[in-house]
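Please read the report below alongside the sequence and the three-dimensional model. Terms are given their cut-offs where they are first used.

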Amino acid sequence: MIEITQDEIQRLLAAVDYSEALTMDATEDKVRTACAEAKKYGFRSIAAFPRHLSLVVEQLRGSQTRSM
């Protein structure tokens, strides 16, 4: 069995775009939750529709996670 270190997991997450908020029916609460999860786990970026762009930028301010 191959063992994966926590550092390897973090490096992998830092390369993944999180798209939980990329749905046509995403509410502001869902976008906020997705942003919090993306920051918590260290995803590279979060994808969302343009109508939520200002909310995503606000929620990700000061974090390493980018919006796209």
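## Basis of the model

This is a predicted model, in which local features need pLDDT of at least 70 and side-chain atom pairs count only at pLDDT 80 or more, whereas totals for chains, interfaces and linings use all residues. Residues are numbered from 1 along each chain as its sequence is written, and side-chain values use heavy atoms, with hydrogens and water left out.

## Overall fold

The protein chain has three helices and three strands, where helices (H or I, at least four residues) and strands (E, at least two) are DSSP runs numbered from the N terminus. Along the sequence these elements follow the pattern α-β-α-β-α-β, and the C-alpha atoms fill a box of roughly 45 × 25 × 15 Å when taken along the principal axes.

Of the 68 residues in the protein chain, 28% are buried, a term that means under 20% relative accessible area, with exposed over 50% and partly exposed in between (1.4 Å probe, protein chains only). Among contacts (heavy atoms within 4.5 Å) with a separation of 6 or more, 52% join residues 24 or more positions apart.

## The sheet

The three strands form an open sheet in the order E1-E2-E3, and the pairing is parallel; two strands count as paired if DSSP finds at least two bridges between them. E1 and strand E3 (66–67) stand at the edges with a single partner strand each, so one side of each is left without a neighbour in the sheet.

E2 and E3 run parallel and are joined by two bridges, and Ile46 has Ser67 in E3 as its bridge partner. Ser45, which is placed in strand E2, is buried with a relative accessible area of 3%. The side chain of Ser45 makes a polar contact with the side chain of Asp17 at 2.5 Å; a polar contact is a pair of N or O atoms within 3.5 Å, where within protein one must be able to donate a hydrogen and the other to accept it, and residues adjacent in sequence count only if both atoms are side-chain atoms. Leaving aside residues up to four places away in sequence, Ser45 touches Val16, Asp17, Tyr18, Thr65, Arg66 and Met68.

## The aromatic pair

The structure holds one aromatic pair. Tyr18 and Phe43 form this pair, which is stacked, with 4.5 Å centre to centre and 25° between the planes; rings of Phe, Tyr and Trp (its six-membered ring) pair if their centres lie within 6.5 Å, and planes under 30 degrees apart count as stacked, over 60 as edge-to-face and the rest as tilted.

Tyr18 lies in strand E1 (residues 17–18) and Phe43 in the loop between helix H2 (28–41) and strand E2 (45–46), so the pair ties together parts that are 25 residues apart in sequence. Tyr18 counts as buried at 15% relative accessibility, and Phe43 is buried too, with a relative accessible area of 13%.

## Helix packing and Leu60

H2 and H3 pack at an angle of about 35° with their axes 10 Å apart, where axes are lines fitted to C-alpha atoms, for helices over the stretch in contact, and angles run from 0 to 180 degrees between N-to-C directions. The contact is made by Glu28, Val31, Arg32, Cys35 and Lys39 of H2 and by Leu55, Val56, Gln59 and Leu60 of H3.

Leu60 lies in helix H3 (residues 53–60) and is buried, with a relative accessible area of 5%. Not counting residues up to four places away in sequence, Leu60 touches Cys35, Lys39, Ile46, Thr65, Arg66 and Ser67.
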